[in-house]
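User: I have a structure open and would like to walk through it with you. Could you help me read it?

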Amino acid sequence: MSVKSIWMHDHTREEVGEFARSGGAVVVALAATEQHGPHLPVYTDSFIMGDVAERSVRRAADDVPVLLAPLLPIGCSEHHLSFGGTISLSPMTYFQVVRDIGESLVKAGFGKIVFLNGHGGNEPMMQQVANDLAVRHPIWTAAASYWSLARESLAAIRASEVGPVPGHAGGFETAAVMALRPELVREDRIGDSHPERDWIFAGPPGAFVGRHGELTGCDGYTDAPKLATAGKGRLYLETIADSVSGWLVRTIRAMERGEETL
């Protein structure tokens, strides 16, 4: 089925239903609105996730049938509330919101639902929702955060030279926002140094070490973004989109092959 747009919200109810019933997949992009230090906009995660999701789905749509649902710009960000500039859902509320989105898509006829995440606080609830939906309904689900999918590719281009990847409001995210919305970066508030907390990244990927008041580093961000540039940000975003789009294609094709065995 050919479609006029990758965006689910550009289609009529009949078009969405036909696409879903024909076996098409839908990607749900999850982001946040939260403080990002003194120099980045509070919409940073949503700017980055919106760009990554659109690029990735647009590329994947050349090979597999997939639509992109509207971005969810509010996440689970309670650990940022004390700094201000943050809108958050509590963990249980966020879990229910994401599950309700999934249930809505199931009722719309989708049998393949993929959650793509751009904020660390969302990840545990997202994974559980994906699991629960596949238990409750005869459908396929998948879930991942963009930095996990692109970890090897970002390491290959030495993205960590600007700071921890993805970090929080450090060199990596600052470079991305410089590439996307440079006019919103307060470069006059970027210092040459910032205290770093090595225990934040002490464990292997997926491990968690936390300390009250500093879950994302001193003063709410992880590292000084002094090495960030727009050029580096464009490279990071392109690299991420390549990794995510490749994962989407492999995952949706695997779902399609799996249907043949049922």
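This is a predicted model: local features need pLDDT of at least 70, side-chain atom pairs count only at pLDDT 80 or more; totals for chains, interfaces and linings use all residues.

User: Let's start with β3. How many of its residues are buried?

Analyst: Six of the six residues of β3 are buried. Buried means under 20% relative accessible area, exposed means over 50%, and partly exposed lies in between (1.4 Å probe, protein chains only). Strands (E, at least two residues) and helices (H or I, at least four) are DSSP runs numbered from the N terminus.

User: And which way do they point from β3?

Analyst: K112, V114 and L116 point one way, whereas I113, F115 and N117 point the other way.

User: In what sense does β3 pair with β1, and over how many bridges?

Analyst: β1 and β3 pair in the parallel sense over five bridges; two strands pair if DSSP finds at least two bridges between them. β3 and β4 also run parallel, joined by six bridges. I113 in β3 stands opposite V26 and also opposite T141 in β4.

User: Now α4. How many residues does it have, and how far does it reach?

Analyst: Helix α4 covers residues 123–136, which is 14 residues, and reaches 20 Å from its first C-alpha to its last. That is close to the 20 Å expected at 1.5 Å a residue, where the expected span is 1.5 Å times one less than the number of residues.

User: What covers its buried residues?

Analyst: The buried residues of α4 are M125, M126, V129, A130, D132 and L133. Their cover includes β1 (25–30), α3 (91–107), β3 (112–117) and β4 (140–145).

User: What is Y221 in contact with?

Analyst: Leaving aside neighbours within four places in sequence, Y221 is in contact with G37, P38, H39, H168, A169, H194 and T216. Contact means heavy atoms within 4.5 Å. Y221 and G170 are 51 residues apart in sequence and 6.4 Å apart in space, C-alpha to C-alpha.

User: Which residues line the largest cavity?

Analyst: The lining consists of H39, R189, I190, G191, S193, Y221, A224 and P225. The largest cavity holds about 30 Å³ of space. On a 1 Å grid over the protein atoms alone, a cavity is a set of points where a 1.4 Å probe fits but cannot get out; a pocket is an open set with protein on both sides within 12 Å along at least five of seven lines; lining residues have an atom within 4 Å of a point. Grid points are joined across faces, edges and corners, and a volume is the space filled by probe spheres set on the points.

User: How much space lies in the largest pocket?

Analyst: About 1,200 Å³ of space lies in the largest pocket. It is lined by 35 residues, of which G120, W147, P166, F201 and A207 lie nearest its centre. α4, α5 (146–149) and α6 (151–156) each supply at least two residues of that lining.

Key: Residues are numbered from 1 along each chain as its sequence is written. Side-chain values use heavy atoms; hydrogens and water are left out.
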